[in-house]
Amino acid sequence: MPSIAGNGSPPFAAATDELKRAKAVKVEKSGEVRTSGDSTPGKRRLRSNSAAAEEDGGPIATTPSPTKWKSPRRCVNGTPNSPANRIGKEYGNKIGKSGKSLVKKLSDAFIEKLNWNPRGKFDMNFFLCIVIALERPYVEQLSAVKDKLHVSTAPCTLVCREDEQKRILQFCKLCIEQEKAGSLYVCGCPGTGKSLSMERVKESLIKWAKEAGFQQPDVLTVNCTSLTNTSEIFSKIVGKNQPRKKTTSPLQNLQNLYSQKQQSAGMKMMLIIADELDYLITKDRAVLHDLFMLTTFPSSRCILIGIANAIDLADRFLPRLQSLNCKPMVVTFRAYSKDQIMLILQQRLKDLPYTVFQPQALELCARKVAAACGDMRKALCICRSAIEMLEAELRESVCNLDLSSADIGFLDQRSPACDLIKQNSSIVRVDHMAIALSKTYRSPVVDTIQSLPQHQQIILCSAVKLFRGGKKDATMGELSKSYLDICKLMLIPPVGIMELSSMCRVLGDQGIIKLGQAREDKLRRVTLNVDEADIAFALQGIRVFRNCLNAGNKNMDL
């Protein structure tokens, strides 16, 4: 039966021998030398323990006097030659892991531990991680919506432009069937779907030619804004047909090619789509005229479709074509109406599995854009801006949450913090859309008027009231009278005629009003240089100004 390991058995025997060798180590303190036979300072020992130590052959550790006594921790680690440090350095490899643990400093066990915080301060990084984890699904959904509403994202189905596409497609089909050249001019306001419709017409034409058994036409799409010079368009057309001769210019090469029937025989029809055609307008209008004249040659194979915003471009810049009875066919894309804008927005959002906008918000956007310009790109940008307003509100609501919600309960999806995040990020409301609309259609004059001092704003309000009814200008005396009436209603002390004249000069320097010349200040003519609607919009946030501009003096509600 194995016996329990005693002090004389290895590895304890080796450790005991090493400790005995360290008994002669000198520890300097206050000029005296003291020996220690143990790694711990001397303690009071019973006589029985002292006798046992003498029998083992070891000297008894002397207890220092009270005046010479040293702290136990400093005694152990006070000098590099202390027993613990010397044993660890010289004999660490011999003793082993169990021996090292015998001389390990007790203070080391507390160095790496953090201090206890009785107040329980939470970790902000942990709180932010929780917030981000809760916010991520909503941010991803909003990002997907913004991608759907981006101008560069082509919709799956192009609605509200079926009639225009049908007319253009029929024109191209007729030219291919008869192998006859022709020209067509597509015009309309910006953002009315001209370029996108032409892409769909191009795809439909190629598909029809393949199914009907006709030779597929070559297609050249040129954005004229990317040309280094206006005549470069002829080089692109020649490159599609054949390598041009170095002795002739690209235009001459094309004219020669389409003039001779033998050379053009067997050539494919070419569909040329020139977007932003108005960039080809020069002083002599030669490039634009020569481009459309390519379709009048007897052997021409060109189907030219020009796209621009100007409705009367053909009448103003191509008069010779009309005299030659070669005026291009015109297809006009009219501005989108309110119902069309609503339909297009709903078409883009219908694939999403969740509701993004309040119906009233979309209707507000559609009404405003249709009344202003009918630009669908503008409507898409406004909707994206409204989503960004919602994102900003979401971040602000999360940052304003009580920090006490960063406990374990915050992880619960039924907590008040989660309910607040879900409520704020659920849908784009009318107020979000109103802010986006005001930022889009806001004139720089509005910011200038809103930053003016109060009395200068009163002067502008007086001028707007004074000029209603078809009046275009007034004298300084008439403006002063209207100014005094508004000051009286607002219970504000008015300024004198000299100060009023000085403030009018300041407004004139800013370009808001225009002052005429006269011998006396009262006779100077005052005219508004800005739109009255901008002044009314800038001052509508102040109730007194709003009542002054919207009602008569008798019906004002102050």
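Figure 1. Helices here are DSSP runs of H or I with at least four residues, strands are runs of E with at least two, and both are numbered from the N terminus. The two side chains form a salt bridge, with the closest N and O atoms 3.2 Å apart; the term stands for a side-chain nitrogen of Lys or Arg within 4 Å of a carboxyl oxygen of Asp or Glu. Lys202 is buried at 17% relative accessible area, whereas Glu199 is partly exposed at 32%. Buried means under 20% relative accessible area, exposed over 50%, and partly exposed in between (1.4 Å probe, protein chains only). The model is predicted, and local features need pLDDT of at least 70, side-chain atom pairs count only at pLDDT 80 or more, and totals for chains, interfaces and linings use all residues. Residues are numbered from 1 along each chain as its sequence is written, and side-chain values use heavy atoms, with hydrogens and water left out.

**Figure 2. Further salt bridges.** The count of salt bridges comes to 11. Side chains of opposite charge can pair when their charged atoms come close. Asp339 and Lys338 meet at 3.1 Å, N to O. Asp339 is exposed, with 54% relative accessible area, and Lys338 is partly exposed at 25%.

Figure 3. Cys160 sits in the loop between helix H8 (124-148) and helix H9 (162-178). Its phi is near 70°, a positive value in a residue other than glycine. Most residues other than glycine have a negative phi. Cys160 is buried, with a relative accessible area of 15%. Arg161 forms a salt bridge with Glu164, the closest N and O atoms lying 3.6 Å apart, and both of these residues are buried.

Figure 4. Glu276 is in the loop between strand S5 (270-275) and helix H14 (286-293). Although not a glycine, Glu276 has a positive phi of about 55°. The residue counts as partly exposed, at 25% relative accessibility.

**Figure 5. The five-stranded open sheet.** The strands run in the order S4-S5-S6-S3-S7 with parallel pairing; two strands pair if DSSP finds at least two bridges between them. Strand S4 (218-223) and strand S7 (329-333) are the edges, each pairing on one side only. From one strand to the next the twist averages 15°, with axes taken as lines fitted to C-alpha atoms and angles running from 0 to 180 degrees between N-to-C directions. S5 and strand S6 (residues 302-308) run parallel and are joined by five bridges. Ile272 stands opposite Leu304 in S6.

**Figure 6. The largest nonpolar core.** This core has 36 residues, of which Ile458, Ile459, Leu460, Ile512, Ile513, Leu528 and Ile535 touch the most other members. A nonpolar core is a set of buried Ala, Val, Leu, Ile, Met, Phe, Trp, Tyr and Cys residues joined through side-chain atoms within 4.5 Å. Elements that each supply at least two residues include helix H23 (454-467), helix H24 (476-490) and strand S10 (525-528). H23 gives the largest share, seven residues. Not counting residues up to four places away in sequence, Ile458 touches Tyr483, Ile486, Cys487, Met490, Ile492 and Phe545, where contact means heavy atoms within 4.5 Å. Another core, of 33 residues, lies apart from this one, with Cys224, Leu254, Ala274 and Phe292 among its members.
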